[in-house]
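Please examine the sequence and the structure shown here before reading on.

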Amino acid sequence: MSDAENTPSDVNEVDIDAVYKESAIQDVLDRLDAELVGLVPVKTRIREIAALLLVDKLRRQLDLTAGNPSMHMSFTGNPGTGKTTVAMRMADILHRLGYVRQGHLVAVTRDDLVGQYIGHTAPKTREVLKKAMGGVLFIDEAYYLYKPENERDYGAESIEILLQVMENQRDDLVVILAGYKDRMDKFFESNPGMSSRIAHHIDFPNYNPDELVQIAKLMLAESNYRMSAEAEEVFSEYVKKRMEMPNFANARSIRNALDRARLRQANRLFNSRGRMLTKVDLMTIEAEDLLKSRIFAQGTDESTQDDDE
Amino acid sequence: MNSNGSGQITDAAERYKSGVIPYKKMGYWDADYQPKETDIIALFRLTPQPGVDPDEAAAAVAGESSTATWTVVWTDRLTAAELYRAKAYRVDLVPNTGPGTNNEAQYFAYIAYDLDLFEEGSIANLTASIIGNVFGFKAVKALRLEDMRIPVAYLKTFQGPATGIIVERERLDKFGRPILGATVKPKLGLSGRNYGRVVYEALKGGLDFTKDDENINSQPFMHWRDRYLYSMEAVNRASATTGEVKGHYLNVTAGTMEAMYERAEFAKSLGSVIVMIDLVIGYTAIQSMAKWARDNSMILHLHRAGHGTYTRQKNHGINFRVISKWMRMAGVDHIHAGTVVGKLEGDPNMVQGFYDILREPYNAMNLERGIFFDQPWASLKKVMPVASGGIHAGQMHQLLHYLGEDVVLQFGGGTIGHPMGVQAGATANRVALEAMIMARNEGRDFLSEGPKILDEAAKTCSPLRAALDTWKDITFNYASTDTPDFVPTTTGSI
Amino acid sequence: MITNPTGRLTQGQFSFLPDLTDEQISAQIKWALAHDWAVSIEYTDDPHPRNTYWEMFGLPMFDLKDPAAILMEVNEARKTFPNHYIRVMAFNSTRGVESPAMSFIVNRPANEPGFGLVRAEGPGREIRYSFHSYATDKPESERY
Ligand SMILES: Nc1ncnc2c1ncn2[C@@H]1O[C@H](COP(=O)(O)OP(=O)(O)OP(=O)(O)O)[C@@H](O)[C@H]1O
Ligand SMILES: [Mg+2]
């Protein structure tokens with residue numbers, strides 16, 4: 001082959017802006033920024049992936065084939081750090097950039113993949129794979145697939161089928177495995193085949209107190225609520241205390257706390273019958289709606305107690 | 001004189017005084033009438049005699065097609081006459097006719113008939129009323145039955161298609177594409193043995209059906225039993241060499257009902273999946289054969305022989321859409337209903353209207369296609385329309401576009417006239433069809449890419465190449481006589 | 001061998017065209033999915049024209065989004081039954097149809113034995129016909 005053939009020429013041009021616009025990818029990235037607080041390393045990685053796919057698309061336009069890059073991922077992080085939420089966005093992004101054809105997300109756990117008796121697992125796993133084709137298969141707490149203590153566990157069979165499809169049908173679906181960091185690390189250690197097929201390991205950090213308050217405000221705004229200034233101060237306190245307690249689940253704990261605050265707010269308003277309520281009344285969470293939480297009233301009886309607190 | 005808003009004489013003594021009074025005044029015109037859900041409604045296109053008021057002409061048609069005679073009869077008073085009188089309730093000037101145009105004034109007259117006027121399950125009775133006498137009536141210069149609204153209550157008294165499109169496909173094991181057929185040619189003169197040869201070659205080559213022509217019955221050159229025996233030998237041989245269900249429409253049309261049953265029974269005993277009748281045998285004979293077909297798991301093909309005598313002229317006769325409705329009620333499974341692109345009369349919109357009537361579970365009013373009424377079909381099965389007459393493989397994209405998938409495409413000349421022989425002609429048609437279906441399903445714009453798709457397919461099929469070359473310039477470009485009244489620009493036959 | 005112009009069984013929508021590639025099969029399945037038709041895979045070693053019930057390779061597949069899912073099963077079926085006839089069917093459950101809307105063959109035996117025509121002659125030159133699947137000459141487990 002002569003050198004000339006391999007020398008890039010400027011005759012062929014592609015319009016990166018046009019492809020960029022057409023994919024409307026900026027819109028998704030903007031929404032990611034606006035709707036998800038923090039998660040900087042995650043967002044950076046997503047941006048990189050988007051850039052890779054975009055450039056790949058441009059290269060394809062000029063017949064520079066390279067084969068589809070692998071896009072299987074693992075999302076590790078503590079509960080409530082946004083893994084499922086981001087996976088959903090990821091499906092959308094991969095779809096817009098033409099990596100997957102349909103862009104839907106099928107979320108499963110071990111029970112959806114692994115059967116109870118001989119011959120049950122393969123069809124179950126295949127059924128799930130078929131549903132996910134053209135989109136993203138999200139396997140939460142993936143390490144439960146592998147139970148080394150039980151020699152005859154059917155999980156191994158499921159893993160084998162997954163591996164095969166992850167390797168041979170990259171164009172047809174993207175697999176995202178999710179779970180706690182330490183356990184996922186162990187899982188990958190004992191399943192090197194799986195680890196080597198994952199192109200992107202993304203770690204979801206815990207949120208700091210400020211971020212959690214931010215998240216709370218975002219969640220409230222989404223459902224047309226707000227906190228009064230005093231309430232906001234109380235909530236900051238609440239977050240700090242709650243983080244120290246067992247079963248803390250990051251953003252999910254925030255969502256649960258807000259759900260209970262709404263309940264108390266409603267109760268408060270109900271008890272103040274006899275006066276007219278304004279729109280602001282109906283929207284506002286007051287300090288007292290939060291102060292009644294068990295976290296502040298250590299030891300006293302709490303009627304609205306639940307498993308999270 | 002006492003009269004109501006429509007000018008009807010309400011005082012009984014006045015109304016039934018001997019003599020002749022205008023139909024309008026006898027109660028056949030009621031501008032305020034709200035048709036009942038159970039009424040049968042007929043829409044006529046009428047051209048009144050010069051000087052005759054259109055309302056009066058409409059009332060006269062209503063009268064003559066229901067209870068009236070030319071003079072007042074006292075025996076009306078022994079009946080609930082008001083109920084039995086058909087009522088003309090609406091008269092519209094037909095667009096593009098009358099003063100200011102070059103055309104004589106024509107009117108659409110809507111006439112409602114009470115359900116009690118009709119015998120259940122009898123096309124003969126229905127038609128004896130609606131078209132029995134009025135077409136020769138002096139008050140109108142010309143008259144055409146354009147459309148009818150058949151109430152569900154009446155539809156339910158009819159068997160409907162013996163088999164229907166769905167079950168026909170299941171029996172034939174043919175899904176997702178039009179059915180292919182051909183009429184054996186020459187129409188007349190082949191002996192049974194020669195005839196069967198054409199059937200065998202065409203079916204083996206890839207057609208699903210072959211067909212007797214309308215005037216193939218039992219003539220000196222080929223008696224019916226001979227034709228049946230040789231045709232069924234051919235059908236079965238073709239099935240064995242292809243593994244497909246094949247059929248030949250054995251025409252059972254004969255001079256008497258008894259002879260028709262005899263022929264149909266023989267066809268059945270030879271294992272035929274389908275028999276055929278001609279429209280000229282009459283409505284009652286058609287209904288009888290439909291019942292026989294249902295009882296014997298047989299598909300019933302109807303050739304619309306003779307319809308052109310009364311369906312073609314725009315101002316007089318019966319629109320084919322009405323015949324389509326009657327035939328769906330009478331119970332045939334196949335009916336020739338036009339090709340849009342072939343040698344026989346047919347404006348695309350009109351033909352698509354006929355197809356809708358035959359195939360849809362419900363027709364919404366669609367003036368552009370000439371459908372004047374919402375018409376639910378009350379789960380009467382669907383009739384498979386048959387497109388035949390001057391069509392060939394090179395038009396496959398147009399045929400699929402205009403006629404859709406549930407249709408029998410019948411290429412008579414286009415199969416038997418193929419330069420490489422009957423079998424090659426059949427193969428050309430089948431390959432063209434399969435290629436077009438594949439392209440459509442792949443999401444290609446098969447109408448505009450049609451010729452290209454056919455050329456591609458012809459690369460691996462020399463019979464198709466030959467067919468495309470032979471008939472590339474054949475089109476039948478005449479203006480249609482039966483065109484819609486409600487399309488801004490009337491479309492010609494293409 | 002079958003002796004019609006294609007030299008093979010001509011059931012289904014596309015038997016007169018060259019064998020479908022995986023890509024062409026996917027395009028057809030996409031059409032079915034776009035109409036919300038359930039797609040199923042069936043196989044047989046006896047393609048008698050009246051053999052309505054081929055064996056089902058799994059249940060009809062409902063609610064799938066992408067053709068790759070079905071192609072995966074098609075290939076699985078081909079691997080399991082390389083010498084059988086395999087067809088893809090699409091089922092339309094719309095009221096008034098409730099019947100197959102597509103059917104096409106995606107796998108055939110290397111050698112298609114075809115059918116014999118059996119004639120039983122009766123009086124008056126009447127003949128009763130039946131088809132004999134040569135494939136069924138052997139016991140069920142040993143055909144192909
Ligand atoms: N950065 C964020 N900004 C706003 N809301 C968030 C953020 N992260 C998570 N949430 C919200 O918190 C809730 C929990 O998030 P998600 O289910 O994605 O977490 P997860 O990591 O998948 O948890 P688990 O491991 O327990 O399944 C969701 O309601 C989500 O909308
Ligand atoms: Mg989650």
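Predicted model: local features only at pLDDT ≥ 70, side-chain atom pairs only at ≥ 80, totals over all residues.

Chain C contains two helices and six strands. Read from the N terminus on, its elements follow the order α-β-β-α-β-β-β-β. The C-alpha trace of chain C spans about 55 × 35 × 30 Å along its principal axes.

How do the chains meet? Two pairs of chains touch, and the pair with the most contacts is that of chains B and C. Chains A and B, by contrast, do not touch, and their nearest C-alpha atoms lie 16 Å apart.

At the interface of chain C with chain B, 44 residues of chain C are in contact with 44 residues of chain B. About 3600 Å² is buried between these two chains, and carbon and sulfur atoms give 54% of that area. Two salt bridges are counted between chain C and chain B. A salt bridge joins C:Arg119 to B:Glu233, with the closest N and O atoms 2.5 Å apart.

At the interface of chain C with chain A, twelve residues of chain C are in contact with twelve residues of chain A. The area buried here is about 1000 Å², with 58% of it given by carbon and sulfur atoms. On the chain C side, C:Lys65, C:Asp66 and C:Met72 lose the most area to chain A, and together they account for 51% of what that side buries. Four salt bridges are found across the interface of chain C and chain A. A:Arg126 forms a salt bridge with C:Glu76, where the closest N and O atoms are 3.5 Å apart.

Attention may now turn to a helix pair within chain B. Two packed helices are described by the angle between their axes and the distance between the axes. In chain B, helix α8 (residues 192-205) packs against helix α17 (residues 422-441) at an angle of about 35°, and the two axes are 7 Å apart. The crossing of α8(B) and α17(B) is right-handed. From α8(B), the residues B:Val198, B:Glu201, B:Ala202, B:Lys204 and B:Gly205 meet B:Val422, B:Gln423, B:Ala426 and B:Thr427 of α17(B). Sorted by class, this contact has four nonpolar, three polar and two charged residues.

Two details of the backbone remain. Most residues other than glycine have a negative phi, and most peptide bonds are trans. Where does the model of chain B place B:Pro186? B:Pro186 lies in the loop between β5 (179-183) and α8 of chain B, and the peptide bond from B:Lys185 to B:Pro186 is cis, with omega near -5°. In chain A, A:Asn250 has a positive phi of about 45° although it is not a glycine. A:Asn250 is placed in helix α13 (residues 250-271) of chain A.

Technical notes
Residues numbered from 1 in each chain as written. Chains lettered and ligands numbered in written order. Heavy atoms only, no water. Axes fitted to C-alpha atoms, helices over the stretch in contact; angles between N-to-C directions. Helix = DSSP H or I, 4+ residues; strand = E, 2+ residues; numbered from the N terminus. Left-handed = near helix turned anticlockwise from the far one by under 90°. Contact = heavy atoms within 4.5 Å. Nonpolar A, V, L, I, M, F, W, Y, C, P; charged D, E, K, R; others polar. Buried area = accessible area lost by both parts, 1.4 Å probe. Salt bridge = Lys/Arg side-chain N within 4 Å of Asp/Glu carboxyl O.
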